[in-house]
Amino acid sequence: MLFASAIEVINTLAAAKSAGRLKQARKKDTTPALLILDELGSLPIDQAGADLLFPVISLRYEQGARILPSNRAFKDWPPIFNHDSTLTSALLDRLLHHAETVIIEGKSFRMKGQIEP
């Protein structure tokens with residue numbers, strides 16, 4: 001299992017690409033039985049980051065389980081990926097085929113007891 005924020009994975013891949021080790025770094029992200037990419041949509045991803053993240057998700061298609069928590073509806077994903085509708089559509093195609101989508105509504109568990117009841 002690998003648990004990391006989406007931005008952390010992108011930054012690791014960008015550093016590996018600069019060092020000429022992208023293939024090895026990508027393998028680390030694509031081989032675990034479960035990949036959890038947290039905080040997807042919390043920060044925008046530029047085109048270079050989207051281009052690095054897409055192959056990780058694409059290579060895992062039908063190869064391993066993945067969980068991508070996000071506080072954004074799928075229709076709101078293009079701005080996350082630099083308004084690249086083509087890349088976003090291809091990414092969602094690979095994510096949603098054979099997927100279980102879980103929608104959790106309600107107050108944040110982390111904020112329990114911190115905000116007025």
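**The sheet and its surroundings**

Tutor: Three strands form an open sheet in the order β1-β2-β3, with parallel pairing. Strands pair if DSSP finds at least two bridges between them. Strands (E, at least two residues) and helices (H or I, at least four) are DSSP runs, numbered from the N terminus. The edge strands are β1 (2–5) and β3 (65–67), and each pairs on one side only. From one strand to the next, the twist averages 15°. Angles run from 0 to 180 degrees between N-to-C directions, and axes are lines fitted to C-alpha atoms, for helices over the stretch in contact.

This is a predicted model: local features need pLDDT of at least 70, side-chain atom pairs count only at pLDDT 80 or more, and totals for chains, interfaces and linings use all residues. Residues are numbered from 1 along each chain as its sequence is written, and side-chain values use heavy atoms, with hydrogens and water left out.

Now the β2 side. Strand β2 (residues 34–38) runs parallel to β3, and three bridges join them. L34 stands opposite A65 in β3. Helix α1 (residues 6–18) lies across β1 and β2. The helix runs at about 90° to β1.

L59 lies in helix α3 (residues 47–60). L59 counts as partly exposed because its relative accessibility is 47%. Buried means under 20% relative accessible area, exposed over 50%, and partly exposed in between (1.4 Å probe, protein chains only). Leaving aside neighbours within four places in sequence, L59 is in contact with R26 and T30. Contact means heavy atoms within 4.5 Å. L59 and I104 are 45 residues apart in sequence and 27 Å apart in space, C-alpha to C-alpha.
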